[in-house]
Amino acid sequence: MASPRLETFCCPNRDAATEFVVSFQPVLFGALSLGSAALSFLFAVLQLLPKRKGYRRLGQYPLPRPASSSRILIIISVCDILGCAGIIVRSSVWLGLPNIIDRISVTNSTDVWPEVFCVGSAMWIQLFFSASFWWTFCYAVDVFLVVKTSAGISTIILYHMITWGLAVLLCIEGVAMLYYPSISDCEQGLQHAIPHYVTTYAPMLLVLVANPVFFNRTISAVTSLLKGRQGIYTENERRLATEIKIRFFKIMLVFFICWIPNIINESLLFYLEMQTDINDNGFRDIRNAALITWFIMGILNPMQAFLNTLAFHGWTGFDVDLSLQRRRELAWDSVSTSVPNAAGHNAMVGTTLLYQSHVQEAKKMGNGQQHSDGFSVLSEGSESSTVEIHISSELRDYEDVDADGESLENSVRH
């Protein structure tokens, strides 16, 4: 799980609330965390592996390069998987070497390796889950900007700078404040630990508050664009808008399920910390609620890796294809896709992610369109969830190129 309490636990002179939850049934908690993280890790990796049934060309027109939104979804999954890997390693060591916890609790101990492992594993987990939060926020911003301004894939570099820069900066700053003046002798007091908890929960709260706003505005913008293309709002456009709403709802639902227990648990533990005696019988219900949410966190936090892949891509199945021949075919398709661009015409200004069944409609709409909007929306397809299809007049350019080629051949013959 990802909780600042586990970093606080690395201090030998930790607070009573942290000692209470971390020391309660550590073997059971470690086993649950290990099992949840291992399952999430395996299924998330399985989801991202190439599948045989998912490989097929959508019509005769080559698809554009993946948009920044598509890449962000992959990066979020990679961050979640790396965070799960950290939980697996930490839980395995704590279960296999139970005395390491006792050695951490020794004040002024000369054995620094238990504390180094404790801090290192906690920072690894916090870094990648924090990066996942920042990337999730950037995803909401990106889909909104692409729909409103037809932003290109070049913004992915800016997102890398923002997400990794903030994740590393906040992680280092929070840990430095927590372990001052040293790991073996941390300063006590709630006010001293607050900066660490703020740097941990700030990106999480940002996603919980800002992403629904951006998703809602994106849905409104997409609906307006769909209505404005032909002046009507048919069943196909309505179905597409519904698919987009479902996609965004799934993403936020997974985030709420996995991380709301952390906020509840932290609120309860902060309340206990402000009491003179947390073992008082009057706080029994609060202690029980804190323990319940603590174990729920241990299960749900690492499950975000797998649940996110379900929200992003749907269930992709077990039919994994790791053959070399498939990679060669994908490379050839990539080269052939870039040929029209090399020929000189500017195709695919911006990319859109649309429902799979709209390929032929996109082609027909492109023949009659006079504007090149180039917006990006997200939807789940029947075979693959994120499919890039461009609905604009640029689709007509492919037919124009074919027509020009035929005219040139006829002129040469005559």
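Colleague: Is Glu-266 buried or exposed?

Modeller: Start with the cut-offs: buried is under 20% relative accessible area, exposed is over 50%, and partly exposed lies in between (1.4 Å probe, protein chains only). Glu-266 has 5% relative accessibility, so it counts as buried. Keep in mind that this is a predicted model, where local features need pLDDT of at least 70 and side-chain atom pairs count only at pLDDT 80 or more, while totals for chains, interfaces and linings use all residues. Residues are numbered from 1 along each chain as its sequence is written, and side-chain values use heavy atoms, leaving out hydrogens and water.

Colleague: With which residue does Glu-266 form a salt bridge?

Modeller: The test is a side-chain nitrogen of Lys or Arg within 4 Å of a carboxyl oxygen of Asp or Glu. Glu-266 forms its salt bridge with Arg-5, and the closest N and O atoms are 2.7 Å apart. Glu-266 sits in helix α9 (residues 235-273) and Arg-5 in helix α1, so the bridge ties together parts 261 residues apart in sequence. Helices here are DSSP runs (H or I, at least four residues), numbered from the N terminus.

Colleague: How many salt bridges does a search of the whole structure find?

Modeller: Two. The other partner of Arg-5 is Glu-273, with the closest N and O atoms 2.4 Å apart. Glu-273 is also in α9, with Arg-5 in α1, so this pair ties together parts 268 residues apart in sequence.

Colleague: Next, the cysteines. Which residues does a disulfide join?

Modeller: Look for two cysteine sulfur atoms within 2.5 Å. Cys-10 is joined to Cys-118, with an S to S distance of 1.9 Å. The torsion about the S-S bond of Cys-10 and Cys-118 is about -85°, so the disulfide is left-handed. The link spans distant parts of the chain: Cys-10 is in the loop between α1 (4-8) and α2 (16-22), while Cys-118 is in helix α6, 108 residues apart.

Colleague: Are Cys-10 and Cys-118 buried or exposed?

Modeller: Cys-10 counts as buried, at 0% relative accessibility. Cys-118 counts as buried too, at 1%. Cys-84 is in no disulfide; its nearest cysteine sulfur, that of Cys-258, is 9.6 Å away. Cys-84 is buried, with a relative accessible area of 0%.

Colleague: You mentioned α6. How many residues does helix α6 have?

Modeller: Helix α6 (residues 113-149) has 37. To judge its span, take 1.5 Å times one less than the number of residues. From first C-alpha to last, α6 reaches 52 Å, close to the 54 Å expected. Of its 37 residues, 28 are buried, so α6 is largely enclosed by the rest of the structure.

Colleague: At which residue does α10 bend?

Modeller: At Gln-304, by about 45°. That is the angle between axes fitted to the seven residues ending there and the seven starting there. α10 has 30 residues and reaches 43 Å from first C-alpha to last, close to the 44 Å expected. Gly-314 follows α10, and its phi is positive, near 75°.

Colleague: What is phi for Gln-25?

Modeller: Phi of Gln-25 is near 45°, a positive value in a residue other than glycine. Gln-25 lies in the loop between α2 and α3 (26-48). At 43% relative accessibility, Gln-25 counts as partly exposed.

Colleague: Last stop, the surface. Which residues make the nonpolar patch?

Modeller: Leu-39, Leu-42, Phe-43, Trp-315 and Phe-318 make a nonpolar surface patch of about 540 Å². Patch members have over 30% relative accessible area and no salt bridge; nonpolar side chains (Val, Leu, Ile, Met, Phe, Trp, Tyr) are joined within 5 Å, like charges within 9 Å. Areas come from the Shrake-Rupley method with a 1.4 Å probe; for residues, only the protein chains shown count as cover. Phe-318 is placed in the loop between α10 (284-313) and α11 (324-343). Phe-318 is exposed, with a relative accessible area of 59%.

How values were computed:
Helix = DSSP H or I, 4+ residues; strand = E, 2+ residues; numbered from the N terminus.
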